[in-house]
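Let's take a quick tour of a protein fold, one topic at a time. Keep the structure open beside you as you read.

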Amino acid sequence: MFKIRHVEPNDIYPVITLAFETLPERYNPSIFNHFYESFPEGFFVALHQNTIVGFLIGIKTAQTTARILMLSVDDKHRKQGIGSALLRQFLMEMKQHYVTEVDLEVRTSNHGAVAFYKKHGFCQRGILHQFYQNGEHAYSMWKEL
Ligand SMILES: CC(C)(COP(=O)(O)OP(=O)(O)OC[C@H]1O[C@@H](n2cnc3c(N)ncnc32)[C@H](O)[C@@H]1OP(=O)(O)O)[C@@H](O)C(=O)NCCC(=O)NCCS
């Protein structure tokens, strides 16, 4: 069993560790505190036996739009519905903030994540060439709420 809740200050360090282990991008650790302080409503964690096994960070980009910036589930806990639960919670929260459209970027090589987002109703709306530092392309994906 796992639990989804909003991030709390003590979660930040384990979230940074999980991001480092599971995401190819190298983020400045201070950015996690920044998102916590600027828009905690869009920052969720998943816990299994009091350990953080996943997180999602999203922001509002305008009055009615939001963007998912990071979503990650620990290797050992994937394919158990945790990513879906984080995403559903975020989308529900955004609806309460009058958001009508959510978008995100995902590496074109990240077939698992693309399948995951499609399953949740996201559509591809184009390719962003050399979007990542290593020259990889991104799909821009979006969903209407
Ligand atoms: C993408 C990610 C968050 C999915 O989390 P998860 O907890 O494994 O997802 P769920 O268990 O809720 O998956 C729901 C559905 O998404 C799809 N899906 C998830 N991972 C998939 C994969 N690797 N390949 C194909 N489909 C996948 C499946 O349809 C799955 O349903 P099923 O288990 O009934 O087949 C996770 O794989 C992850 O952390 N990946 C590394 C980081 C990353 O790529 N983040 C996204 C970048 S923006």
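Before we start, one handy term: two strands are said to pair if DSSP finds at least two bridges between them. What you're looking at is a predicted model, and the protein in it has four helices and seven strands. Here's the briefing, starting with the big picture.

**The big picture**

- Reading from the N terminus, the elements come in the order β-α-α-β-β-β-α-β-α-β-β.
- A compact globule of 145 residues would have a radius of gyration near 15 Å, and the protein has 14 Å, so the two agree.
- Of the 145 residues, 25% count as buried.

**Strands side by side**

- How many bridges pair β2 with β3, and in which sense? There are six bridges, and the pairing is antiparallel.
- For one of these pairings, find A46 and look across to β3, where its bridge partner is G54.
- β2 (43-48) and β3 (51-62) also make a hairpin, with two residues between the strands.
- Next along, β3 is joined to β4 by eight bridges, and these two strands run antiparallel as well.
- Here you can pick out I57, whose bridge partner in β4 is M70.
- β3 and β4 form a hairpin too, again with two residues between them.
- While you're looking at strands, keep a general rule in mind: in a regular strand, side chains alternate between the two faces of the sheet.

**Two residues with a positive phi**

- Q49 sits in the loop between β2 and β3, in the turn of their hairpin.
- Its phi is near 50°, which is a positive value in a residue other than glycine.
- Is Q49 buried or exposed? It counts as exposed, because it has 8 C-beta neighbours inside 10 Å, and 12 or fewer is the cut-off for that label.
- Q130 has a phi near 50° too, and it isn't a glycine either.
- You'll find Q130 in the loop between β6 (123-128) and β7.
- With 10 C-beta neighbours inside 10 Å, Q130 also counts as exposed.

**The nonpolar core**

- The largest nonpolar core has 30 residues.
- Which residues have the most contacts inside this core? They are F44, F55, L56 and L86.
- Several elements each supply at least two residues of the core: α1, β2, β3, β4, α3, β5 and β7 (138-144).
- Zoom in on F55: leaving out neighbours within four places in sequence, it is in contact with V15, L18, F44, V45, A46 and S72.

**A buried loop residue: V7**

- V7 lies in the loop between β1 (3-6) and α1 (12-22).
- Why does V7 count as buried? It has 21 other C-beta atoms within 10 Å, and the label needs 20 or more.
- Setting aside neighbours within four places in sequence, V7 is in contact with V15, Y36, P40, F43, F44 and V45.
- V7 and E101 are 94 residues apart along the chain, and their C-alpha atoms are separated by 23 Å.

**An exposed loop residue: T100**

- T100 is in the loop between α3 and β5.
- T100 has 12 C-beta neighbours inside 10 Å, so it counts as exposed.
- Not counting residues up to four places away in sequence, T100 touches T64, E144 and L145.
- T100 and Q89 are eleven residues apart in sequence, and 15 Å separates their C-alpha atoms.

**Around the ligand**

- There are 20 residues around the ligand, and R78, G83, S84, G112 and A115 come nearest.
- The elements that give two or more residues to this shell are β4 (65-73), α3 (82-96), β5 (101-107) and α4 (111-119).
- Which element gives the most to the shell? That's α4, with five residues.
- By type, the shell divides into nine nonpolar, eight polar and three charged residues.

Technical notes:
Residues are numbered from 1 along each chain as its sequence is written. This is a predicted model: local features need pLDDT of at least 70, side-chain atom pairs count only at pLDDT 80 or more; totals for chains, interfaces and linings use all residues. The radius of gyration is taken over C-alpha atoms; the globule rule is 2.2 Å times the number of residues to the power 0.38. Two residues are in contact if their C-beta atoms, placed from the backbone, lie within 7 Å. A residue is near a molecule or strand if its C-beta atom, placed from the backbone, lies within 6 Å of it. Ala, Val, Leu, Ile, Met, Phe, Trp, Tyr, Cys and Pro count as nonpolar, Asp, Glu, Lys and Arg as charged, and the others, Gly among them, as polar. A nonpolar core is a set of buried Ala, Val, Leu, Ile, Met, Phe, Trp, Tyr and Cys residues joined through C-beta atoms within 7 Å.
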